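Subject: A structure for you to look at

Hi,

Here is the structure I promised to pass on to you. Have a look at it first, and then read my notes below.

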Amino acid sequence: MSSKSSDRSVLNSQSGQPASPPVSTACQEAAGHTPIVVAGTGVALEAPMVTAVQERLRSWFRRHGRDLPWRKTRDPYHILVAEVMLQQTQVDRVLPYYTAFLERFPTLQALAEASPAEVIRLWAGLGYNRRAVNLQRVAQRIVQQHGGRFPRSVEELRTLPGIGAYTAGAIACFAFEHDVAFLDTNIRRVLHRIFIGPDVPHPRASDRALSQLAAQVVPQGGGWEWNQAVMEFGAVHCTARKPACSVCPVQAHCRAFPAILTAIQEHSATFRARDATPFAGSSRWYRGRILAALRDAPPDQGLTLADIGQQVREGFTDADLPWLQELVSGLARDGLAIIAEEPAHYDTTPSDPSRRRVRLPDS
Ligand code: SF4
């Protein structure tokens with residue numbers, strides 16, 4: 001499990017049957033010395049090479065994998081909370097929130113029955129607040145439609161609100177130990193480099209091809225450890241900008257080494273420019289500020305649009321109202337805020353849009 005995953009995504013859905021041959025099968029075929037070709041890449045997987053990579057990465061993980069609380073449990077609710085929090089967020093930042101969240105909502109039922117406003121408040125500071133609302137919707141759906149029993153297969157998990165292919169695969173694998181494959185940023189990078197070649201300046205393989213590749217290299221009976229190992233390896237060893245190639249346990253098998261080091265060096269200016277992109281002032285930044293203002297507002301009254309505007313943007317004027325209204329409407333669509341349908345009785349200028357009140361849901 002790692003962070004940064006706006007692009008965590010799809011893959012091999014296994015409810016029992018993987019979409020592509022598992023590597024043990026692939027390797028058995030290759031043991032007859034017919035390499036498995038990953039469609040769309042021209043890449044051939046030789047069984048001995050795949051086996052060596054599997055063994056080395058799993059061994060590396062046993063020695064170097066971080067001691068994280070969600071790796072010590074198979075409780076699907078705990079795994080779900082961790083996976084949702086880790087989307088777009090670094091592990092160190094998630095740790096205190098994970099503990100606090102499970103202390104306050106120790107079970108799926110507790111979360112399902114909580115006030116949305118309380119869930120959003122507990123999420124304060126973690127960012128991407130829509131995740132909090134989606135997480136609670138998942139809990140409610142499982143309680144209401146599955147009798148509180150957590151779905152086990154990727155297909156069933158994907159019917160839950162806001163659960164994409166990555167999260168469904170991660171829960172099936174990390175909670176139920178299904179040998180499924182799935183992609184997140186780290187898995188994409190590691191598999192691409194080892195089995196295909198340098199991913200800089202651009203990946204050579206599509207997500208579809210990487211999905212097929214990932215499905216072919218999940219070891220039968222070892223999916224939990226393999227997926228944890230690949231994700232962890234990408235998070236702390238084979239990182240995007242500073243892969244530790246000189247001390248890499250799979251260097252001898254890596255198709256990106258040594259070209260990846262030159263490619264990263266040549267494109268370092270591009271990376272720096274990307275890093276310099278300012279976050280402050282973006283819509284996401286303002287959404288966070290609006291929610292912070294609503295969290296501090298009287299729960300039953302909320303704030304007027306004018307109050308919000310003055311709190312979140314310096315020099316706010318009526319000319320900024322359409323901009324603010326659009327942001328607030330987006331929060332309402334995501335279930336993070338409620339906009340009063342009609343002007344409240346205490347409004348002195350009911351027709352004035354700036355007096356419309358906004359609050360957290362079900363405060
Ligand atoms: S040799 Fe370098 S690029 Fe290849 S897997 Fe190891 S750290 Fe990553």
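A residue is called buried if 20 or more other C-beta atoms lie within 10 Å of its own, exposed if 12 or fewer do, and partly exposed in between, with C-beta atoms placed from the backbone. Helices (H or I, at least four residues) and strands (E, at least two) are DSSP runs, numbered from the N terminus.

Before going on, please keep in mind that this is a predicted model: local features need pLDDT of at least 70 and side-chain atom pairs count only at pLDDT 80 or more, while totals for chains, interfaces and linings use all residues. Residues are numbered from 1 along each chain as its sequence is written.

Back to helix 10. What covers its buried residues? Contact here is judged by C-beta atoms, placed from the backbone, that lie within 7 Å of each other. The twelve residues of this helix (185-196) should span 16 Å at 1.5 Å a residue, and its end C-alpha atoms are 16 Å apart, so the two values agree. The expected span is 1.5 Å times one less than the number of residues.

The largest nonpolar core has 92 residues, and Val81, Ile171, Leu191, Ala214 and Val230 have the most contacts inside it. Such a core is a set of buried Ala, Val, Leu, Ile, Met, Phe, Trp, Tyr and Cys residues joined through C-beta atoms within 7 Å. Leaving out residues up to four places away in sequence, valine 230 touches Leu57, Ile187, Val190 and Leu191.

There is also an open sheet of three strands, in the order 3-5-4 with antiparallel pairing. Strand 3 (303-304) and strand 4 (338-339) are at the edges with a single partner strand each, so one side of each has no neighbour in the sheet. Two strands pair if DSSP finds at least two bridges between them. Strand 3 is joined to strand 5 (residues 357-359) over two bridges, and leucine 303 stands opposite valine 358.

Next, the ligand. It is surrounded by 14 residues, the closest being Cys238, Pro243, Cys245, Cys248 and Cys254. A residue counts as near if its C-beta atom, placed from the backbone, lies within 6 Å.

Finally, a few backbone details. The peptide bond from valine 200 to proline 201 is cis, with omega near 5°, and proline 201 lies in the loop between helix 10 and helix 11. Another cis bond joins phenylalanine 257 and proline 258, with omega about 5°. Glutamine 88 is not a glycine, yet its phi is positive, at about 65°; this residue is partly exposed, with 15 other C-beta atoms within 10 Å. Glutamate 177, also not a glycine, has a positive phi of about 55°.

Enjoy exploring!

Best wishes

Notes
Two residues are in contact if their C-beta atoms, placed from the backbone, lie within 7 Å.
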